[in-house]
Amino acid sequence: MKRTLVPILAALAAVGLVYTLWGVFVVTPMDIELFFSQKIFYYHVPNWFVLFTAVVVAGISSLLYLKKRAPRYDDVATAAAELAVLFGAMGLITGSIWARAAWNAWWVWEPRLVTSLLIWLIMVGYVLVRRFGGTGAERLAAGLAVFGMVDIPLIYVGVNQGDRHPQAKVVKQLDEGTMKLFFWLSVLTYFLIFAALLLTRIQAIRAERELRVIHERGLDAGLLES
Amino acid sequence: MRRLILASFALLTLSTIAVAQPADPPPPSAPAAGAPAAGTPANPAAAPPAVPAATPPSAAPSQPPAGKDPALEARRMQCRAEFASDLAEMELESHQRSARLIATNERHVILAYAALWVLAVGFLVYQWQRQRELDRRIHQLQRDLDAATRDDKGPKGKS
């Protein structure tokens with residue numbers, strides 16, 4: 001089941017991607033305020049949904065790892081944090097391009113953007129600590145992931161501070177049935193991509209860890225040279 | 001025959017240039033005013049007519065400032081008044097152009113979707129390379145362990 005799950009998820013995600021692309025550019029009407037640039041919304045917002053999920057997964061797994069010290073939780077946290085960095089980068093870049101189209105500025109120091117950048121930087125910090133932290137970096141990184149998870153409610157509060165963020169307006173204007181349909185379909189597609197990537201990364205990280213363990217055992221048994 | 005074609009082509013080109021280039025308006029009463037007034041449009045089609053308008057524009061003061069050539073000043077006032085209406089038209093056109101640009105803002109949408117694809121493909125390629133490296137290490141370890149257990153002579157392989 002595990003072997004077939006990833007290809008099934010990837011195939012479903014590919015179909016969803018093609019279908020939502022067609023829907024976004026052919027079926028959905030143009031937004032009355034943001035016009036054509038609103039098409040960025042359909043893929044920009046799902047990026048953040050997935051980022052939040054990845055951060056929550058990393059945070060909860062890290063909490064479990066800190067409590068039980070079972071490496072499998074650490075594997076899940078590491079995989080989720082890497083994906084949080086990827087989807088966060090996508091969200092920040094597409095958001096910046098959309099801001100240029102909607103506000104005529106690449107970046108605005110408003111609460112939601114700043115907190116989003118902060119959460120992404122925390123996840124980048126997590127990945128860097130795991131990569132270069134050496135022995136004991138797992139616990140430090142787990143603490144960072146928990147800290148990142150706490151930042152998520154701040155972003156939700158940040159978007160409701162006034163009507164400056166274009167996304168707040170767009171969500172209110174999603175009256176058209178097809179707009180809502182293709183938005184939620186792209187969210188679903190993004191979650192399928194996330195699930196496929198997460199499972200793949202967990203398997204790879206687990207394999208790396210097991211390889212390290214076998215190598216150390218080989219060294220201890222005198223079968224291998226360091 | 002070839003020369004004839006070339007000559008007719010050259011003639012046609014010259015006549016086209018001559019037709020496209022409007023005749024210079026006769027100089028104003030003061031020939032010293034060679035430099036255009038500030039704000040004069042570069043487009044010759046938008047240049048003021050040579051003959052002054054019968055009714056002076058309301059924006060222009062009735063009397064030119066003292067110490068300057070009255071004819072030149074009158075001409076300048078007229079130019080400004082003419083330009084004001086042109087400017088209004090240009091502004092409207094500029095707004096309409098901006099509106100069209102916003103309504104069909106393909107540049108930013110293409111940029112955003114391209115960034116998404118580049119990042120996704122970059123991540124997949126990076127992960128694929130990591131996976132290959134992992135496979136290589138697993139095979140290396142297998143070879144080392146096989147060699148060590150087969151010979152049973154202590155440490156063998158290299159990691």
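Between chain A and chain B, three residue pairs are in polar contact, both residues at pLDDT 80 or more; that term covers a pair of N or O atoms within 3.5 Å, where within protein one must be able to donate a hydrogen and the other to accept it, and residues adjacent in sequence count only if both atoms are side-chain atoms. This is a predicted model, where local features need pLDDT of at least 70 and side-chain atom pairs count only at pLDDT 80 or more, while totals for chains, interfaces and linings use all residues. Residues are numbered from 1 along each chain as its sequence is written, chains are lettered from A in the order in which they are written, and side-chain values use heavy atoms, with hydrogens and water left out.

The interface also holds one salt bridge, meaning a side-chain nitrogen of Lys or Arg within 4 Å of a carboxyl oxygen of Asp or Glu. Look for A:Glu82 and B:Arg130, whose side chains meet at 3.4 Å, N to O.

Now zoom out a bit. On the chain A side, 40 residues are in contact with 34 residues of chain B, contact being heavy atoms within 4.5 Å. About 3200 Å² is buried between the two chains, and carbon and sulfur atoms give 74% of that; buried area is the accessible area (1.4 Å probe) that two parts lose on being put together, summed over both. In chain A, the residues losing the most area to chain B are A:Leu211, A:Leu223 and A:Glu225, together 18% of what that side buries.

Finally, find A:Val26 in chain A. A:Val26 counts as exposed because its relative accessibility is 56%, and exposed means over 50% relative accessible area (1.4 Å probe, protein chains only).

Conventions
Buried means under 20% relative accessible area, exposed over 50%, partly exposed in between (1.4 Å probe, protein chains only).
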